[in-house]
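Colleague: I would like to learn how to read a sheet and a domain contact. Can we work through one example together?

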Amino acid sequence: MKNAWIALLCLLSGLSAAPSLWAETRTIGGVSLRGDFIQGGMVVGQVPDQARVRYGGRQLTLTEQGEFVLGFGRDEPLEHSLQVTLADGRQQTLAFSIEKREYNLQRVEGVPARTVNPDPSHLKRIQEEAGQVKQARDTESDLHGFLQQFTWPVQGPISGVYGSQRFYNGEPRRPHYGVDIAVPQGTEILAPADGVVTLAHEDMFFSGGTMVIDHGHGISTSYLHMSKLLVTPGTAVTQGQVIGLVGATGRATGPHLCWRLNWYQERLDPQLLIPES
Ligand SMILES: [Zn+2]
């Protein structure tokens, strides 16, 4: 039934999913999980006192209240399990499944040619920059911003959604992993939750002015194509604080914010975090 409704909504809206419909709470084996059980979704869980949790080959960081977070990539398998070790040493494997998602095609024309087919002389720079972003997203911290209700960094028309297969000037390239919000050059970008800035780069090859904010336990958000960066690495930011200004730097055809969400290197859909208005 749910699938039928989603299919209908997709037809009506042209989007790949209708966000908040996926948010749910599940309790399995004494572990509560809430969030979006769908490719691209983020789920926050809580285990009883002094338990430990493994997921996807990783020992998850827990808050003092036993909360943890995990996320599902764009093409994530649908069957998963958590390995929970209780305080008395008993181990449980808790299986759960997530929903498959359909993605659309998006054609982007008028992109600067040098950013569609980079000159080989730029490859070293491109790799170095990718390494910096990867390192920022691998940050391990016990910040708790990921537990907050996230808010939009800017508000405006959505011009690109998570997961779409992209063609730049007619040539197939990697899928789009963020949500694009078309707002004027210079619009203030607000931190969507508390965190610490882990990367602030004035001019990356593809993404131009780029920032990464760590929200704890592997959850980070990224901001691309910025015209101005107003906070530096190491700075603690609070929800609603201005972190920079919208621009059209890097591989962009006009001013917009490309907003991204990660659980470590997994690319999640930030739009799922915002309740439908
Ligand atoms: Zn984008």
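Colleague: Which residue in β7 is the bridge partner of Y55?

Modeller: First, a caution: this is a predicted model. The partner of Y55 in β7 is L82.

Colleague: What holds such strands together in general, and in which sense do β4 and β7 pair?

Modeller: Strands of a sheet pair through backbone hydrogen bonds, in a parallel or an antiparallel way. Here, β4 (residues 52-55) and β7 (residues 79-85) are antiparallel, with four bridges between them.

Colleague: In what order do the strands of the open sheet run?

Modeller: Read across the sheet. The order is β5-β4-β7-β8, four strands with antiparallel pairing.

Colleague: Now the domains. Where are the bounds of domain 1 and domain 2?

Modeller: The domain assignment gives 2-97 for domain 1 and 105-273 for domain 2. Their centres, taken over C-alpha atoms, are 24 Å apart.

Colleague: How many residues of each domain are in contact?

Modeller: Contact here means C-beta atoms within 7 Å. On that basis, 19 residues of domain 1 meet 21 residues of domain 2.

Colleague: Which strands supply at least two residues of the side of domain 1 that touches domain 2?

Modeller: Both β3 (42-46) and β6 (67-71) do. The largest share, five residues, comes from β6.

Colleague: And what is the make-up of that side by class?

Modeller: Sort the residues by class. The side of domain 1 that touches domain 2 has nine nonpolar, seven polar and three charged residues.

Definitions and conventions: Residues are numbered from 1 along each chain as its sequence is written. This is a predicted model: local features need pLDDT of at least 70, side-chain atom pairs count only at pLDDT 80 or more; totals for chains, interfaces and linings use all residues. Two strands pair if DSSP finds at least two bridges between them. Domain bounds come from an automatic or database domain assignment. Two residues are in contact if their C-beta atoms, placed from the backbone, lie within 7 Å. Ala, Val, Leu, Ile, Met, Phe, Trp, Tyr, Cys and Pro count as nonpolar, Asp, Glu, Lys and Arg as charged, and the others, Gly among them, as polar.
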